[in-house]
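Work through the exercises below with the model open. Each task is followed by its solution.

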Amino acid sequence: MKLSPVRQQYLEIKRQYPDAILFFRLGDFYETFDHDAEIAARELEIVLTSRNIAKGIRVPMAGIPFHAAEPYLARLIEKGYHVAICEQVGDGPVRGLFPREVVRVVTPGTVLEAGLLPGDANNYLAAVVGSSAGFGIAYADVTTGDFAATEVSGTEAMRQELDRLSPAELIHPDNLELDEQLPGHRAPRPEWQFEPGTAEEQLRAHFRVASLEGFGLGGKPLATMAAGGILAYLTQNQPTALASLTRLSTYSTADFMVLDAATRHDLELTETRRTGALKGSLLGVLDETVTPMGRRLLRQWLGQPGLDKVQIEARLDQVEALFKDGIRRAELRQRMDGLPDIERVTNRASSGVATPRDLSALRSGLRELPGVLETVEGGSLGDLTANLDPCGEVLQELETALVSDPPLSLGQPGLIRPGYSAE
């Protein structure tokens, strides 16, 4: 049977991603074929058609417009599917066929697009290794750069920590059996990706260090294995997201108040028992934040109450300072209100998926930062800004290079200011 060149190309790429739905770019559409097409048609409620691949042979096909792919992608990710995005590369066809390659694999824990993310909560990819005697847990949010690892004793402690994190996706060695009630879509991985030597080498290479002692991983082999497993997973599925993980911290659950799932549920920390809604929960009552970064941080603090007396008293001093100085508080809220999600925008930029509107939002946010810093400086609030950089050079570059009102996507003209660059 003589297959068409496009069919041969598709099959070669699909063989590399057997566990993902392959979005295969053909002109203005992402097409799916064979069993992938049947899944896409069913889950996305789109028309299942067919395509001729050889004389007298047709295969199932279902497609979506590439410029409107995000909502369809969101529905698949929400159901736990992995989607490999295969794009046309190069400037034109080679011997009549466009070169194509998978540029990334989107999974529940590696999403970068703003429209696919919860704005008020982190989107964690978590890893767990070990046995009933002890577990290593690591988590990363590629949209914010959070990356941390810990070790816990016993199955119940492991369950409590994963309940707290509520990861979107949970990876683990394929020989580790886990309770189906644990949160997160499962993604079993080959056991060798978590081996101590492999994991340590992965971490040292990523951070360009000779030793992991500076990260607090000395004497924590299980935490090292879990953190290395996350890097291996990202390397395979979302390599551009690795740029966002510039730091790694270790922590001990003993430094925080232990709240099991039942306690979190009964206290209605982030959702009510009856409806599961944010409104009426403790977070819903307390949340007067005006930025996406603040909403996520407040959620983190409520979910993991600290026990460090010095840190608690420092926060109380800062609250007291703002409570007593109503004018400064009002000015600070006014300056911060409407700030874009700088944290996630910068990570999309470092991962190479930022849109022109992302860069415009970053420019708007950086314009406001000097005023925010000026308002906060002084008294017990001064420590909050000691290490903050207003990124004046970045702002100047964005002001000089970008037009005032950039287009929605890179495919549209009119992004760069006339006269900025001849190229």
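Predicted model: local features only at pLDDT ≥ 70, side-chain atom pairs only at ≥ 80, totals over all residues.

**Exercise 1.** Classify E268 by its relative accessible area, then do likewise for its salt-bridge partner.

*Solution.* Next, find the partner: E268 meets R273 in a salt bridge, at 3.9 Å from N to O. R273 has a relative accessible area of 48%, so R273 is partly exposed too.

**Exercise 2.** Which parts of the chain does the salt bridge between R247 and D146 tie together?

*Solution.* Check the contact: the closest N and O atoms are 3.6 Å apart. Place each residue. R247 sits in the loop between helix 6 (221–237) and strand 12 (249–250), and D146 in strand 9 (residues 146–152). The pair therefore ties together parts 101 residues apart in sequence. R247 is partly exposed at 44%, whereas D146 is buried at 17%.

**Exercise 3.** How many residues apart are E200 and R204, and in which helix?

*Solution.* They are 4 residues apart in helix 5 (residues 196–207). That separates them by about one helical turn. E200 is partly exposed at 35%, and R204 is partly exposed at 24%.

**Exercise 4.** Describe the lining of the largest cavity.

*Solution.* Take the volume: about 50 Å³. Lining residues include Y10, F24 and R51. Helix 1 (5–16) and strand 3 (49–54) each give two or more residues to this lining. By type, the lining has 5 nonpolar, 2 polar and 2 charged residues.

Notes
Residues numbered from 1 in each chain as written. Heavy atoms only, no water. 1 Å grid on protein atoms, 1.4 Å probe; cavity = no way out; pocket = protein on both sides within 12 Å on 5 of 7 lines; lining within 4 Å. Points joined across faces, edges and corners; volume = space filled by probe spheres on them. Nonpolar A, V, L, I, M, F, W, Y, C, P; charged D, E, K, R; others polar. Salt bridge = Lys/Arg side-chain N within 4 Å of Asp/Glu carboxyl O. Buried < 20%, exposed > 50% of the residue type's maximum accessible area, 1.4 Å probe, protein only.
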